[in-house]
Amino acid sequence: MLYETWSEETKTRSCCPLCERKFSSKAGANELSGKLLDMSLSMPDDIQRLEKQVAEAEEKERRLASAVVYVDQCKKIMEEKVRNVRKLISDYRKQEASFATKVEELKETIEKALSKHKLLLEVKSDVSLMDSLFTSIKTIDGEITDLQENLAHAPHTQSFSELKKELSAKENSISSVNTELEEMQVIVAERNKLTTELHAFKERRIALGELTAQSAHLHETLSRHREEVIRISDRREELMKVELPKADKA
């Protein structure tokens, strides 16, 4: 080998094999020759050690590359899951906003229905009065019938002016009764209308209950997906903390 050749040349010629400087004594030449011989002997060990370090470095690089690929795959999978969950959350938020709008509309409808329901209760409170008016009308009709029969059979003891005056009074009474009948018919029609609206209000109230239940379900689902996103993020951080140090150690 080169170092051995230089060592022998130094001993033989008693000079430096590179610059060919002569040594003043044999001891200097022997010292340099010994150093060259030591370097020659240690060279294989250094080469083997360096080759081992290179092999270990290559193996470590290979493991790190595998770990990086694995981490990238996990990252892509988790990012895809996060995108899907975010999309679901966005869809649920849109549905929630739509339901909130419907709930507000139903609230307005309910308020109107409650107002009409209050009016209906007021109308119901007048039912007894309406019954009384019907009874009065029947009584007056009976009196008119009796009066007509009496007039048909009774002797004409009254004067024409008196009969005319009495007839006018009866006509006024009948007109008043007819007016009351018309008012009662209007009230009955309004009551029927309010009754119909009350039924519609009950149906809307049931629909509102269903929408409220759906909204609660959406809130629960949204909360569950948010927890899933947090869990996935934590799992990703855990993988990054566990796998990368393992790859570095390997």
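Q: Which helix gives the most to the lining of the second largest cavity?
A: Helix α4 gives the most, with 4 residues, where helices (H or I, at least four residues) are DSSP runs numbered from the N terminus. This is a predicted model, in which local features need pLDDT of at least 70 and side-chain atom pairs count only at pLDDT 80 or more, while totals for chains, interfaces and linings use all residues. Residues are numbered from 1 along each chain as its sequence is written, and side-chain values use heavy atoms, with hydrogens and water left out.

Q: What makes a residue part of the lining of a cavity, and which residues line the second largest cavity?
A: On a 1 Å grid over the protein atoms alone, a cavity is a set of points where a 1.4 Å probe fits but cannot get out, and a lining residue has an atom within 4 Å of a point. A113, K116, H117, L194, E197, L198 and F201 therefore count as the lining of the second largest cavity. Both α2 (26-125) and α4 (160-249) supply at least two residues of this lining.

Q: How do the residues of this lining divide into nonpolar, polar and charged?
A: There are 4 nonpolar, 1 polar and 2 charged residues, given that Ala, Val, Leu, Ile, Met, Phe, Trp, Tyr, Cys and Pro count as nonpolar, Asp, Glu, Lys and Arg as charged, and the others, Gly among them, as polar.

Q: Why is H225 called buried?
A: Buried means under 20% relative accessible area, exposed over 50%, and partly exposed in between (1.4 Å probe, protein chains only); H225 has 17%, so it is buried. H225 lies in helix α4 and, not counting residues up to four places away in sequence, touches V85, L88, I89 and Y92, contact meaning heavy atoms within 4.5 Å.

Q: Why is the pair D91 and K87 called a salt bridge?
A: A salt bridge is a side-chain nitrogen of Lys or Arg within 4 Å of a carboxyl oxygen of Asp or Glu, and because the closest N and O atoms of D91 and K87 are 3.4 Å apart, the pair qualifies. Both residues lie in helix α2, 4 residues apart, about one turn of the helix.

Q: Why is K87 called exposed, but D91 partly exposed?
A: The relative accessible area of K87 is 54%, so K87 is exposed, whereas that of D91 is 28%, so D91 is partly exposed.

Q: How do you know that R231 and E228 are separated by about one helical turn?
A: They are 3 residues apart in helix α4, which means a separation of about one helical turn.

Definitions and conventions:
1 Å grid on protein atoms, 1.4 Å probe; cavity = no way out; pocket = protein on both sides within 12 Å on 5 of 7 lines; lining within 4 Å.
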